[in-house]
Amino acid sequence: MSTRVAVVTDSTSYLPRGWAADLGITVVPVQVIVNGQPLDETDDDQAQQVSSALTGLQPVSTSRPSPERFLQAFRAAETSGATEIVVATLSSAMSATYESALLAARDSAIPVTVIDSGTIAMGLGFAVSRGAEAARQGADAATVTQMIEQSASSASVLFYVDTLEYLRRGGRVSSAKAAMGQALHIKPILRVEHGRVEPLEKLRTAGKALARLAELAKSAASERPCDIAVQHLGAPDRARALAEQLRVECANSTVIECPVGGVVGAHVGPGMVAVVVSPLVSA
């Protein structure tokens with residue numbers, strides 16, 4: 001019997017609109033909770049609701065998908081003819097989503113490989129897209145897994161945030177550091193390192209920080225063919241300008257723009273701009 005591999009991921013992959021459907025990727029939503037109301041991150045207006053809530057100092061939190069939601073996705077894939085499933089989630093150091101997928105895999109009627117991507121946003125999105133393309137071309141689960149893992153581990157994920165306040169609220173930085181950052185008008189650049197979001201550099205103005213973000217992205221691409229995503233929460237003009245700059249300076253790469261959702265937004269706040277640089281890989 002021939003194998004057919006289905007690819008599943010979670011909503012923090014932030015795939016551009018239409019990509020999941022085109023590539024046959026199933027997206028399981030992580031939830032964001034605004035004023036006690038749970039919203040699926042796949043809902044169209046959740047990012048705007050999160051931005052408005054954060055600006056209005058309203059409570060915002062996040063919640064992993066239940067194992068049952070992953071299991072529903074696995075059963076749907078089986079019904080559609082899949083004989084194996086590869087699921088990749090955001091870093092287990094950032095969320096228990098990976099654990100939910102593992103629990104669901106135990107109850108699946110067909111084999112499921114669960115990958116802790118160690119990353120987030122289009123670091124995960126590019127990886128699952130390449131894995132799904134390989135699956136569509138007939139690759140087996142081992143090859144799809146290798147493609148996703150290699151792509152995820154080679155991606156550089158960089159964030160500019162407008163303020164440390166939202167990271168402080170989420171316990172990502174201390175109150176003292178956040179207060180100092182506000183007093184000095186520090187504009188931090190963060191990166192995903194070993195599965196966690198870690199501070200990289202601190203700049204004194206937004207303009208300098210965004211210029212530095214462009215330099216770091218160009219350095220990460222290093223004139224190799226790459227897929228580059230410029231992502232944002234409530235900062236489309238900044239993202240557009242940065243994407244246009246990178247299209248000129250990283251001529252060997254393809255640059256796209258796409259927003260992030262409320263889960264990342266809940267921790268970094270409106271005004272965030274991220275750049276994901278993902279070198280092209282082969283199976």
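This report describes the sheet, selected helices, individual residues and salt bridges of a predicted model.

## Basis of the values

The model is predicted, and local features need pLDDT of at least 70, side-chain atom pairs count only at pLDDT 80 or more, while totals for chains, interfaces and linings use all residues. Residues are numbered from 1 along each chain as its sequence is written, and side-chain values use heavy atoms, with hydrogens and water left out.

Strand 6 (residues 84-89) and strand 7 run parallel and are joined by five bridges, and Thr89 stands opposite Asp116 in strand 7.

Ala96 belongs to the loop between strand 6 and helix 4, and with a relative accessibility of 25% it counts as partly exposed (buried means under 20% relative accessible area, exposed over 50%, and partly exposed in between, for a 1.4 Å probe and protein chains only). Although Ala96 and Pro29 are 67 residues apart in sequence, their C-alpha atoms are 13 Å apart in space.

Helix 5 (residues 122-136) contains 15 residues and reaches 20 Å from its first C-alpha to its last, close to the 21 Å expected at 1.5 Å a residue, the expected span being 1.5 Å times one less than the number of residues. Because 13 of its 15 residues are buried, helix 5 is largely enclosed by the rest of the structure. Ser129 is found in this helix and is buried, at 9% relative accessibility; leaving aside residues up to four places away in sequence, Ser129 touches Leu15, Trp19, Leu23 and Ile25. After helix 5 comes Gly138, with a positive phi near 100°.

In helix 2 (residues 46-55), the buried residues are Gln46, Ala47, Val50, Ser51, Ala53 and Leu54. Seen down the axis of helix 2, these buried residues fall within an arc of 165°, so they line one face of the helix, the arc being that of the directions from the helix axis to the C-beta atoms. The face turned away from this buried side carries the exposed residues Gln48 and Thr55. Helix 2 is followed by Leu57, whose phi is likewise positive, near 60°.

## Salt bridges

Side chains of opposite charge can pair when their charged atoms come close. A search of the whole structure finds twelve salt bridges, each defined as a side-chain nitrogen of Lys or Arg within 4 Å of a carboxyl oxygen of Asp or Glu. One of them joins the side chains of Glu193 and Arg191 at 3.6 Å, N to O; Glu193 is partly exposed at 29% relative accessibility, and Arg191 is partly exposed at 32%.

Glu201 and Arg212 also form a salt bridge, with their closest N and O atoms 2.8 Å apart. Glu201 lies in strand 10 (residues 196-203) and Arg212 in helix 9 (residues 206-221), so the pair ties together parts that are eleven residues apart in sequence. Glu201 is partly exposed, with a relative accessible area of 24%, and Arg212 is partly exposed at 26%. Arg212 forms a salt bridge with Glu215 as well, the closest N and O atoms being 2.9 Å apart; these two residues are three apart in helix 9 and are therefore separated by about one helical turn. Glu215 is partly exposed at 45% relative accessibility.

Notes: Helix = DSSP H or I, 4+ residues; strand = E, 2+ residues; numbered from the N terminus. Pairing = 2+ DSSP bridges. Contact = heavy atoms within 4.5 Å.
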